[in-house]
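Me: I have a model open and I'd like to learn how to read its features one by one. Can we go through it together?

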Amino acid sequence: MIKQEKLSDYEEYIEKEFWYVAREIVNLAWLNEKLVLIEPLVDFRVGKFVQLNIAKKYFKIADYEFRYKAKSKVFNNEIVIKSLTMPPIDKDNYKVLYTTKTRENELSESEPWFIQDYIEALYDVTTVFIRDKMFVFELERSNFLSKTVDYR
C-alpha cells in the first residue's frame, strides 16, 4: 500500500494493519457467502504442492519436483516446466513463464524449476471443489496442442 523502497518501522506497522484489515474484509465476505467461487487467498494455505499431494490420493498424476542447483530425479524424455508464482520474468516486455514443454537437459541448473513429466493425453481434466460440491470437466487437447500444452 505504501510505496517506498525502505519503510520506517511506523510505516511498516501501518502497512501491516491495512493488509490485515483487507484480508479480514475478504474473510468476512467469504463467511457471509458473498464470495462463492473460491476460498479467498486459499493459495496461501493450499498451494501447488499441497494440491498435488491431495490429488494423488484420487488421481494418477505426473511425477513432479521443485529443483534449484541440483539434479535429484531423471524425468522421462519430455517434461513441462511451470511457474509457481507467475510474475513477469521481463516486466518491460511482459514475458511470463507459462506451462512449457521442454527436455530436462535444456534446463539451466542455476534457475529454480517446477518440473513435471509430460503426459500425452487426448483430454485435459479439471476438477474443482466448491462449497462441498465437486465439478469436473474435460477439454479435448487437439484444439490447442499445436500452440501450447496448457489451454490456460
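Me: Is Y94 buried or exposed?
Reply: Y94 is exposed, with a relative accessible area of 54%; anything over 50% counts as exposed. Keep in mind that this is a predicted model. Y94 sits in the loop between β2 (78-82) and β3 (100-103).

Me: What is the phi of Y94?
Reply: Start with the general idea: most residues other than glycine have a negative phi. Now the case here: Y94 is not a glycine, yet its phi is positive, about 45°.

Me: Okay, on to salt bridges. How many are there by the rule used here?
Reply: The idea is that a side-chain nitrogen of Lys or Arg lies within 4 Å of a carboxyl oxygen of Asp or Glu. By that rule the count comes to five. One of them pairs K16 with E12, at 3.2 Å from N to O.

Me: Where do K16 and E12 sit relative to each other?
Reply: Both are in helix α1 (residues 9-31), and because they are four residues apart there, about one helical turn separates them. As for cover, K16 counts as exposed at 51% relative accessibility, while E12 is partly exposed at 34%.

Me: Which residue does R67 form a salt bridge with?
Reply: R67 pairs with E104, and their closest N and O atoms are 2.8 Å apart. This pair links distant parts of the chain: R67 belongs to strand β1 (residues 64-67) and E104 to the loop between β3 and β4, 37 residues apart.

Me: Are R67 and E104 buried or exposed?
Reply: Here the cut-off to remember is under 20% relative accessible area for buried. R67 has 6%, so R67 is buried. E104 has 12%, so E104 is buried too.

Me: What about R141: which partner does it have?
Reply: R141 forms a salt bridge with D124, with the closest N and O atoms 3.1 Å apart. Distant parts of the chain are linked here as well: R141 is in the segment after β6 and D124 is in strand β5, 17 residues apart. Both R141 and D124 are buried.

Me: Which residues do salt bridges with shared partners join into one network?
Reply: That would be E65, R67 and E104.

Me: Now the surface. Which residues make the nonpolar patch?
Reply: For a patch, you look for nonpolar side chains that have over 30% relative accessible area and join up within 5 Å. In this model L122, Y123, V125, F129, M134 and V136 make one of about 690 Å². β5 (123-130) and β6 (133-140) each supply at least two of its residues, and β5 gives the most, with three.

Me: Where is V136, and is it buried or exposed?
Reply: V136 is in strand β6. Its relative accessible area is 53%, so V136 is exposed.

How values were computed. Residues numbered from 1 in each chain as written. Predicted model: local features only at pLDDT ≥ 70, side-chain atom pairs only at ≥ 80, totals over all residues. Heavy atoms only, no water. Patch = residues over 30% accessible without salt bridge, like charges linked within 9 Å, V, L, I, M, F, W, Y side chains within 5 Å. Areas by Shrake-Rupley, 256 points an atom, 1.4 Å probe, with all protein chains shown as cover. Buried < 20%, exposed > 50% of the residue type's maximum accessible area, 1.4 Å probe, protein only.
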